[in-house]
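Biologist: I would like to know what stands behind the words used for this model. Please take the terms one at a time.

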Amino acid sequence: MPITVIELLAAYESGQLSPAEYLTQKLTETRADTRNCWIESISDEQLNGFLNNLKGKTIKELPLYGIPFAIKDNIDLAGLPTTAGCKAYTYEPDSSAYVVQALINAGAVPLGKTNLDQFATGLVGTRSPWGAVKNSFNDEYISGGSSSGSAVTVATGQVCFSLGTDTAGSGRVPAAFNNILGMKATKGMVSCTGLVPACKTLDCITIFAHTTDDLNLLLDIAGEYDETDCYARPNVASNDASAYQPENALKGRKIGVPAPEQLAFFGNKSAEALFNASLDKLREQGVELTEIDFDPFAQAALLLYEGPWVAERYAAIESFFEEDSSRCLPVIETIIGGAAGKTAVDAFKAIYQLQAYKVQCDAILSTVDAVVIPTAGTIYTIDEVNADPIKLNSNVGYYTNFMNLLDYTAIALPAGIQTSGLPFGITLFGPAWSDRKLLSFGGSWQQSLGLPLGATNTLLPKLLPAATIQEGWVELAVCGAHLEGLPLNFQLQERGARLVKTTQTSANYKLYALAGGPPFRPGLIRSEGEGSAIDVEVWTLPQTELGSFLQGIPQPLGLGKVELADGRWVTSFICEGYAIETAEDITHHGGWRNYMQAKS
């Protein structure tokens with residue numbers, strides 16, 4: 001039975017399966033679940049209603065036609081109560097959350113509401129009156145929280161995807177502990193209308209799935225802009241679904257990694273070994289790893305619970321908490337009660353400190369394409385967490401708590417199985433609106449590992465063929481100052497250009513450092529039989545923008561055709577031959593980035 005979105009759609013389209021038989025079986029599985037994943041499932045009557053909505057429709061009309069999904073129970077679904085993991089808090093929503101309705105409108109079918117750490121406060125999955133959600137690999141271990149149930153329903157194949165939330169890591173830690181993917185998109189990209197807030201200024205609704213192909217499709221639908229959400233932000237053109245290009249996406253990329261002494265595995269040697277193996281795997285894919293100072297990120301993370309942001313959790317349920325705080329679980333009462341005594345002065349001081357950290361962290365991020373970290377340094381048994389709930393929860397959040405404070409985006413990826421038989425994961429993160437870039441990196445990474453999906457024996461499917469270039473757009477290869485992150489790249493960005501892939505020319509070119517500057521520029525000259533392969537980036541931009549782009553190119557450069565390593569010819573920068581008489585031959589560096597790095 002298919003468990004990925006793309007494969008299930010194909011099975012429906014071929015007639016191999018019908019939505020009625022597949023969804024009926026999946027609903028039966030939810031009711032037979034023994035891991036405390038679900039708080040409530042939909043009824044047979046509700047399922048029939050969703051099936052009726054599919055009648056007479058096609059996959060072209062409904063891109064998520066008949067796809068089952070789960071919803072964390074702090075997100076509203078009309079027809080089922082919302083509990084936020086607290087029985088006394090339960091209410092009946094009049095309508096579904098904005099993102100839930102967008103998914104349903106696209107044909108997806110919600111099978112129910114999933115268990116969570118109460119009021120989305122925790123990273124362990126044990127803080128619920130419905131019981132601790134058990135890890136999909138070993139019942140004795142935590143599943144990760146607070147989106148525990150949502151992650152395990154995907155890992156066990158009960159649904160194809162699920163919604164979680166992430167304020168401090170809840171959309172990433174459960175992914176790592178259950179061998180699936182967790183996408184924490186840019187803050188505000190996915191609407192939070194219909195979400196019981198934890199920290200309203202930081203909350204993100206997140207997506208768990210098995211593949212980056214699935215996540216790219218789901219994010220396109222879930223990321224519909226909601227003008228009624230005061231914290232929503234519309235996506236940017238360079239970050240739409242067509243920017244997802246995972247084939248060889250990691251080759252030639254520069255990725256930051258914390259200094260060894262700044263990594264924490266809390267005594268877990270197997271997790272440490274798997275992280276080091278992950279770094280080796282990245283190098284094998286052509287990644288240049290560069291050591292960064294992780295301290296400002298870690299210091300920013302401490303502000304989330306040790307600073308005044310805990311008062312935001314208090315504000316979210318203020319009247320409920322003040323009426324009778326004992327209705328919360330003791331550990332939740334302790335955490336939220338910690339807001340007492342926090343003042344506006346404390347808040348402003350923390351905001352100033354956070355901004356100082358952000359300046360430092362942004363400067364570090366500007367030097368790399370992304371940063372790789374463990375998603376969590378270790379994993380604990382349910383009994384261990386229950387014995388020391390706050391300290392061990394803090395350990396689990398060592399690599400996650402800073403992300404929303406600093407306005408970064410992240411994807412959690414499977415990275416192997418520990419000697420204990422439990423999963424380990426890594427996270428790639430970058431600045432806001434780098435979602436599709438990280439998805440591309442994640443797709444390339446996942447294919448290189450080839451792990452089975454979740455806790456099932458299902459094999460990882462191959463990536464979908466790369467998207468074709470849209471009509472009215474043109475490919476443009478760049479090799480110098482227009483490369484991503486370099487001084488003239490803004491000329492592409494301001495014209496709505498999108499990075500397609502990093503690749504090389506055929507082995508028929510020479511590269512020269514031209515006289516003049518700044519900005520310093522190279523010249524690319526075809527030299528059959530005497531040249532080498534030169535690193536380039538292929539971008540796509542609207543044909544209507546090509547003329548203005550060309551007008552800004554100074555002599556001796558121009559646009560012409562260049563042969564890529566795959567044999568295709570694309571529009572590219574070329575150089576007039578006279579210019580190389582006073583230029584330095586830098587072909588042996590293999591590319592402009594390598595030359596600039598060697599020069600510096």
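Modeller: I start with helix H5 (residues 148-155), where eight of the eight residues are buried, so H5 is largely enclosed by the rest of the structure. The model is predicted, so local features need pLDDT of at least 70 and side-chain atom pairs count only at pLDDT 80 or more, while totals for chains, interfaces and linings use all residues. Residues are numbered from 1 along each chain as its sequence is written, and side-chain values use heavy atoms, with hydrogens and water left out.

Biologist: What makes a stretch a helix or a strand here?

Modeller: Both are DSSP runs numbered from the N terminus: a helix is H or I over at least four residues, a strand is E over at least two.

Biologist: Which residues of H5 are buried, and what covers them?

Modeller: The buried residues are Ser-148, Gly-149, Ser-150, Ala-151, Val-152, Thr-153, Val-154 and Ala-155. Their cover includes strand S1 (38-41), strand S2 (68-72), strand S3 (109-114), strand S4 (161-166), helix H6 (173-177) and strand S6 (204-209). Just after H5, Gly-157 has a positive phi of about 80°.

Biologist: Why is Ser-527 called buried?

Modeller: Buried means under 20% relative accessible area, exposed means over 50%, and partly exposed is in between (1.4 Å probe, protein chains only). Ser-527 has 14%, so it is buried. It sits in the loop between strand S15 (522-526) and strand S16. Leaving aside neighbours within four places in sequence, Ser-527 is in contact (heavy atoms within 4.5 Å) with Asn-508, Tyr-509 and Lys-510.

Biologist: What is Gln-101 called, and where is it found?

Modeller: Gln-101 is found in helix H4 (residues 98-105). Its relative accessible area is 32%, so it is partly exposed.

Biologist: How do you know which strands belong together in a sheet?

Modeller: Two strands pair if DSSP finds at least two bridges between them. Strands S17 and S18 (residues 569-575) pair over seven bridges, in the antiparallel sense.

Biologist: What makes a space in the protein a pocket?

Modeller: The search uses a 1 Å grid over the protein atoms alone. A cavity is a set of points where a 1.4 Å probe fits but cannot get out; a pocket is an open set with protein on both sides within 12 Å along at least five of seven lines. Lining residues have an atom within 4 Å of a point. The largest pocket is lined by 49 residues, and Arg-253, Asp-369, Glu-484, Gly-485 and Arg-593 lie nearest its centre. S13 gives the most to this lining, with seven residues.

Biologist: How many residues of the lining of the largest pocket are nonpolar, polar and charged?

Modeller: They divide into 19 nonpolar, 16 polar and 14 charged. Ala, Val, Leu, Ile, Met, Phe, Trp, Tyr, Cys and Pro count as nonpolar, Asp, Glu, Lys and Arg as charged, and the others, Gly among them, as polar.

Biologist: Which element gives the most to the lining of the second largest pocket?

Modeller: H9 does, with six residues.
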